[in-house]
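Please examine the sequence and the structure shown below before reading on. The paragraphs that follow lead from a single helix to a helix pair and then to a sheet.

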Amino acid sequence: MARIDYFFATLSPYCYLAGNRLEAIAEKHGAEIVYKPFDIVAAFPRTGGLPPAERHPSRNEYRAQDLPRQARKLGLPFNLKPAHWPTNGAPAAYAVIAAQNAGGGDLGKLTHAITRAVWAEEKDIGHDDVVRACLSEAGFDPALADSGLLQGQKPMPRTLKRPSRRVSLARRSISSEIRSSGAGPFGRPRPAPRGQAVTPEINARRFGHGPRPALAIHCSLAHSGAWRGIGAALSDEMTLRAFDLPMHGRSGDWDGQGNIHDVATEMALSLLEAPMDLIGHSFGATVAMRLAIEHPELVRSITLIEPVYFAAAKQDDPEAMAEYNEQNAAFEAALAGGDAETAARLFNRVWGDGTKWDQIPEPTRAYMVDRIGFIPASSPFLGEDSAGLLAPGMFDRASMPALLVEGSASPKAAHAINASLMRRLPDVRRVSVEGAGHMVPITHAAEVAEAIRDFLKDVPLA
């Protein structure tokens, strides 16, 4: 059978105007179409092009005439200036990859539904509910929107020949392109001076539509989609904004300069719209905790779900931490030996959701292995308190209401950390979710959401 490799962009108006004509041609000639979404924004500077906002006015004027003319010719509804363009097209692109792998629906109908949502229906394909609706319309399982990010993480970057995100465990640094908000010659990112960290590009998504604005920060080796369950449960009360940490999801890579916790904290700080409720899990909870101490004026409340702030427990409960370090020796040995897969497997055994390594889907395992170097890179803050938060009086700054959440079956170190923070935070309560482990916000999303809802009843919006 003949094969057509279709490289397309979920944000492109011309892909929308193509309609179903490619599918009709393929059907006529008995050809198979392989759908290959790619990041058109990243492709522009790599191919000598410019995004529309940077083009010469004459080109944009022609575009403004050509697109509506083509739409009229084809009889397709079209909005030249859609409400949600540009937006993050990655979730939709990854959903296409996941749908192609899963089968069972109409891929042509899916791609057209996605592009139509942008250019005719005033919908934001950066929102998961829009992607899920497109999947359903095309006969696919809407849940593919959940798995699409991890399944697509490998194929999509390869179409652009992006460098790997794998961390050099020996150097504990990243070997990858530097992304910067400041453009250098020919539109390429301008590297920061050596030793100075660059804040990566930030990919964020929203859950819910409630009146209470909140920011959620996920754990290591996950992505912002981890908040889907809690976001759905609190959708009427809260508009939850979640972003991908550096090296995770669709946010940019860390350049290996500076302190990774400083970088993550700067990313979160840039998204704060005071006052906001902060919700964090594991590494993300330590970022939320740090923001509450360093920028209390921007934080209305904090919910810390098993923050892995080992430095506090090391100071308050050295016996518990000595036991944890002994249990963690094999993981440290794998890191030191450069065995990323073994390190990821051992890390998952302690801090995962209970799923055995061999039962985790291969794309998810690869995603975790590729980012396992994030764990040792975060040690200066998590284990050594590089930001100096344990200095006398620092925690007193976080006077806003605080909620500590943990799983009853979580590692002993997690309980020791929460016990330490109970003694340090001025206005804090603590909740344990029975039978849950460290991944409690995912495995027990309803219970955690209910704890947050109950907690926030006493935290006024004003």
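Which residues of α20 are buried? The model is predicted: local features need pLDDT of at least 70, side-chain atom pairs count only at pLDDT 80 or more, and totals for chains, interfaces and linings use all residues. Residues are numbered from 1 along each chain as its sequence is written, and side-chain values use heavy atoms, with hydrogens and water left out.

The buried residues of α20 are A413, A414, A416, I417, N418, S420, L421 and R424, where buried means under 20% relative accessible area with a 1.4 Å probe, protein chains only. Helix α20 covers residues 412-424, and its 13 residues should span 18 Å at 1.5 Å a residue; the end C-alpha atoms are 19 Å apart, which agrees. The expected span is 1.5 Å times one less than the number of residues.

The protein chain as a whole has 22 helices and 11 strands. These are DSSP runs, numbered from the N terminus (helices H or I, at least four residues; strands E, at least two). Of the 462 residues in the protein chain, 53% are buried.

Helix α7 (residues 128-137) buries D128, V130, V131, C134 and L135. Seen down the axis of α7, these buried residues fall within an arc of 160°, so they line one face of the helix; the arc is that of the directions from the helix axis to the C-beta atoms. An α-helix has 3.6 residues a turn, so residues three or four places apart point the same way. After α7 comes G139, with a positive phi near 85°.

Helix α5 (residues 90-102) is a partner of α7: P91, A92, A95 and A99 in α5 meet D128, V131 and L135 in α7, contact being heavy atoms within 4.5 Å. The axes of α5 and α7 come within 10 Å and cross at roughly 35°. Such axes are lines fitted to C-alpha atoms, for helices over the stretch in contact, and angles run from 0 to 180 degrees between N-to-C directions.

Turning to the strands, an open sheet of 7 strands has mixed pairing and the order β5-β7-β6-β8-β9-β10-β11; two strands pair if DSSP finds at least two bridges between them. Its edge strands, each pairing on one side only, are β5 (204-207) and β11 (428-433). Within the sheet, β8 (residues 276-281) and β9 (residues 299-305) run parallel and are joined by 6 bridges. In this pairing, D277 stands opposite S301 in β9. Helix α22 (residues 445-456) packs on the sheet, and its direction makes about 150° with that of β9.

Technical notes. Buried < 20%, exposed > 50% of the residue type's maximum accessible area, 1.4 Å probe, protein only.
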